[in-house]
Amino acid sequence: MPGGEAERPLHVPVMADEVVELLAPVSGGVYLDCNLGLGGHAELILERSGPDGVLVGLDWDAEALAMAKKKLSRFGRRAIAVRSNFARAAAVLDGLGLGPVDGVLLDLGLSSLQLAANRGFSFSDSESLDMRMDDRAGESARDLVNRCSEAELADIIYNYGEERQARRIAAAIVAERKAGEIRSGKELADIVYRAVPRRFHPGRIHVATRTFQALRIAVNRELDNLAELLASLPRIMAGGARVCVISFHSLEDRLVKRCFSDRSLFRPLTKKPLRAREEECSQNPRSRSARLRAATYCGLPL
Ligand SMILES: C[S@@+](CC[C@H](N)C(=O)[O-])C[C@H]1O[C@@H](n2cnc3c(N)ncnc32)[C@H](O)[C@@H]1O
């Protein structure tokens with residue numbers, strides 16, 4: 001590197017020490033990483049479960065998957081990367097003839113690569129308003145904001161963004177699109193900025209954060225996919241196996257909390273969700289909103 005600077009990784013895995021400690025991977029175990037991303041957590045799990053542990057990593061983003069495969073190639077056949085929605089994890093494991101597994105990891109949301117990649121996830125993106133993590137999937141955020149009625153938009157922004165200004169924002173989107181299609185993240189962020197009176201602008205985050213979160217959740221059906229995966233855990237997990245979930249907003253965390261509260265199936269390993277340490281937060285701002293819950297599966301094998 002010029003100037004001798006170390007290359008910065010494209011995505012730094014969040015709460016990595018805590019995940020490895022809670023999953024406690026061992027040689028011979030089979031592990032499922034539902035959000036392979038760039039393979040950061042996967043690499044650590046494979047290192048810890050050497051020489052014989054196997055990791056099945058899922059991601060529906062072709063670009064992320066290709067990069068993860070490259071990163072994990074040194075583990076040979078111990079690392080299996082599959083392009084799939086994690087909601088289909090049980091079917092993927094069946095297809096591979098693997099399972100039940102000894103550990104499951106979910107690290108929800110977006111990777112830093114996706115956020116930076118002109119795919120419409122960022123407020124400053126002047127090229128795209130796509131927001132699909134899987135480019136084979138249906139409607140983009142651009143389709144949604146230009147097609148939905150004002151009431152539908154207000155519902156999406158309120159329900160998935162928990163945004164109190166949802167009606168104002170929806171009305172502004174519908175008024176603005178009359179002059180021409182809304183085409184980029186930047187255009188949308190500017191509309192939200194102008195729609196919300198200054199006294200309601202949040203201090204710490206961009207005023208459009210909740211609106212973007214809401215559209216991303218709707219486009220990618222994020223809560224439905226998470227609910228499906230959680231419901232399938234008893235089919236996927238061996239008795240005594242551990243599951244760790246890192247979520248980034250309260251809607252996800254609520255689903256996980258409810259799932260782990262079924263004491264006939266799960267014994268929580270974390271009383272409250274763990275948060276990233278201050279040192280990690282200052283080095284990796286993504287970790288600030290991370291909440292980690294873990295549990296042991298104690299149901300009967302199905
Ligand atoms: C936060 S990143 C994971 C980063 C990874 N743990 C690492 O250390 O590199 C989340 C990843 O999950 C993927 N993803 C999100 N929802 C998914 C779903 N329903 N099915 C499959 N992959 C999904 C995204 O495409 C993204 O690459």
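Two residues count as in contact when their C-beta atoms, placed from the backbone, lie within 7 Å. The legends below describe close-up views of a predicted model.

Isoleucine 157 is in contact with Glu163, Ala166, Ile169, Ala170, Thr211 and Ala214, leaving aside neighbours within four places in sequence. Is isoleucine 157 buried or exposed? It is buried, because 27 C-beta neighbours fall inside 10 Å and the cut-off for burial is 20 or more. Alanine 276 lies 119 residues away from isoleucine 157 along the chain. The C-alpha atoms of the two are separated by 28 Å.

**The shell around the ligand.** The ligand is surrounded by 22 residues. Closest to it are Pro13, Asn35, Gly37, Gly40 and Asp61. Which elements give two or more residues to this shell? They are helix α2 (40-48) and strand β2 (54-59). By residue class, the shell holds nine nonpolar, 10 polar and three charged residues.

**The buried side of helix α12.** Helix α12 spans residues 250-260. Its buried residues are Glu252, Val256, Cys259 and Phe260. These residues lie on the same side of α12, because they cover an arc of only 95° around the axis. Ser250, Arg254 and Arg258 are exposed, on the face turned away from that buried side. What covers the buried residues of α12? The cover includes α11 (222-236), β5 (237-247), β6 (266-268) and β7 (291-297).

Alanine 89 touches Leu32, Cys34, Leu58, Leu229, Ser232 and Ile236, when residues up to four places away in sequence are not counted.

**Where domain 1 meets domain 2.** The domain assignment gives domain 1 as 2-113 + 222-297. It gives domain 2 as 118-220. How many residues of each domain are in contact with the other? Eight residues of domain 1 are in contact with seven of domain 2. On the domain 1 side, the touching residues divide into four nonpolar, two polar and two charged. The domain centres, taken over C-alpha atoms, are 28 Å apart.

Asparagine 118 is not a glycine, yet its phi is positive, at about 50°. It lies in the loop between α5 (112-115) and α6 (141-147). Asparagine 118 counts as partly exposed because it has 14 C-beta neighbours inside 10 Å. Arginine 221 also is not a glycine, and its phi is positive at about 50°. Arginine 221 sits in the loop between α10 (209-220) and α11. With 15 other C-beta atoms within 10 Å, arginine 221 is partly exposed.

The bond from glycine 50 to proline 51 is cis, with omega near 5°. Proline 51 belongs to the loop between α2 and β2. Where is proline 100 found? Proline 100 is in the loop between α4 (89-96) and β4 (101-107). The peptide bond from glycine 99 to proline 100 is cis, and its omega is near 0°.

**Alanine 24 in the loop between α1 and β1.** Alanine 24 falls between α1 (16-23) and β1 (30-33). It is partly exposed, because 13 other C-beta atoms lie within 10 Å and a residue counts as exposed at 12 or fewer. Alanine 137 is 113 residues from alanine 24 in sequence. From C-alpha to C-alpha, the two alanines are 35 Å apart in space.

Methods
Residues numbered from 1 in each chain as written. Predicted model: local features only at pLDDT ≥ 70, side-chain atom pairs only at ≥ 80, totals over all residues. Near = placed C-beta within 6 Å. Helix = DSSP H or I, 4+ residues; strand = E, 2+ residues; numbered from the N terminus. Nonpolar A, V, L, I, M, F, W, Y, C, P; charged D, E, K, R; others polar. Arc of directions from axis to C-beta. Domains from an automatic or database assignment.
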